[in-house]
Amino acid sequence: MDHPTQFAFQNGQMPQIELKGDASRLRQVVTNIVGNIHRYTPADSPVEISMGVLPASISPESLSRMPSNEQSLRHLVEAIEVGQSMQVGMNYAIVRFSDHGPGVPPEARSKIFERFYTADPSRARQKGGTGLGMAIAQSVVKAHHGFICASGSEGTGLTLTVVLPIAPVEPKPQPITASENRKNEKKNRKSKK
Ligand SMILES: Nc1ncnc2c1ncn2[C@@H]1O[C@H](COP(=O)(O)OP(=O)(O)OP(=O)(O)O)[C@@H](O)[C@H]1O
Ligand SMILES: [Mg+2]
C-alpha cells in the first residue's frame, strides 16, 4: 500500500472472537477464499492467515457501502489509526488470507467480486471455476455490515481482507484531574450545607 501504515502479520495465538452472525454463511466466505487458494496457487506455496480485533472510526453502514478496492482499504486503515489513538468507533474483527501464488493484476482485483468474473478465463475454465465464489463472499460480508477486498500480498500473490463489525468501542473511564477533584469537593460541601 502507498501508505506508511499497513497491516502486518505477527506470530502468535489466534484470538477468540465472538460476533453475532449467520455461522454457516460466514463459514462459506472462508471456504470460498480458501478454496480459491487451493485452486489457483501451487500446493507448495505458503499462505498466511491472521485474525485480530481493531477499533475504527467508521460506522458499519459506511464501511459496508465502500467499494471492494484498495482505496477503501487505505480509508479503513486511516479510520483504524483514529480509532486506536482516540479509542472511539466500532470494534471490527479483521481476518486476512495472504497467498503467494500468481495473484491477480491490480486493475482486476476489485472485479473478482463481480458475478461470473474470472481473472484468467482459460485458467478458470481449466480449473472449473464459474466466477461466483467471491461475489457470494461479498454479499454475505455486506449482509453482516462488513467489508471485503483483494490486494497484493507482500512479494507475489493475492490477499483477501474480511472486516466484520463486533460492537462499539467502550469508552475508557477518564482519570479525574486534580482541578475536577477540587470542583467536586466544593460541590459536595455546598450540597451538605
Ligand atoms: N487466490 C487467488 N489467486 C489467483 N487468482 C484468484 C484467487 N482467488 C480468485 N482468483 C481469481 O478470481 C476469479 C474469481 O474468483 P471466484 O471465486 O469468484 O470464482 P471462481 O473461483 O472462478 O469460481 P467459483 O468460486 O464460482 O467456483 C477466479 O476465476 C480467479 O481468476
Ligand atoms: Mg472460487
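What share of the 193 residues of the chain counts as buried? Here 37% do, where buried means under 20% relative accessible area (1.4 Å probe, protein chains only).

This is a predicted model, so local features need pLDDT of at least 70 and side-chain atom pairs count only at pLDDT 80 or more, while totals for chains, interfaces and linings use all residues. Residues are numbered from 1 along each chain as its sequence is written, chains are lettered from A and ligands numbered from 1 in the order in which they are written, and side-chain values use heavy atoms, leaving out hydrogens and water.

**View 1. The chain and its elements.** You'll find 6 helices and 4 strands here, taken as DSSP runs (helices H or I, at least four residues; strands E, at least two) numbered from the N terminus. Starting at the N terminus, their order is α-β-α-α-β-α-α-β-β-α. The C-alpha trace spans about 85 × 30 × 30 Å along its principal axes.

**View 2. The shell around ligand 1.** Around ligand 1 sit 20 residues, with Tyr40, Asp99, Thr130, Leu132 and Met134 coming nearest; near means a heavy atom within 4 Å. Helix H1 (23-40), helix H4 (121-127) and helix H5 (133-143) each bring at least two residues to this shell, and H1 gives the most, with 3.

**View 3. Backbone atoms beside ligand 1.** Zoom in on Leu132: one of its backbone N or O atoms is 2.8 Å from an oxygen atom of ligand 1. For Gly131, a backbone N or O atom lies 2.9 Å from a ligand 1 oxygen atom.

Note on methods: A polar contact is a pair of N or O atoms within 3.5 Å; within protein, one must be able to donate a hydrogen and the other to accept it, and residues adjacent in sequence count only if both atoms are side-chain atoms. Buried means under 20% relative accessible area, exposed over 50%, partly exposed in between (1.4 Å probe, protein chains only).
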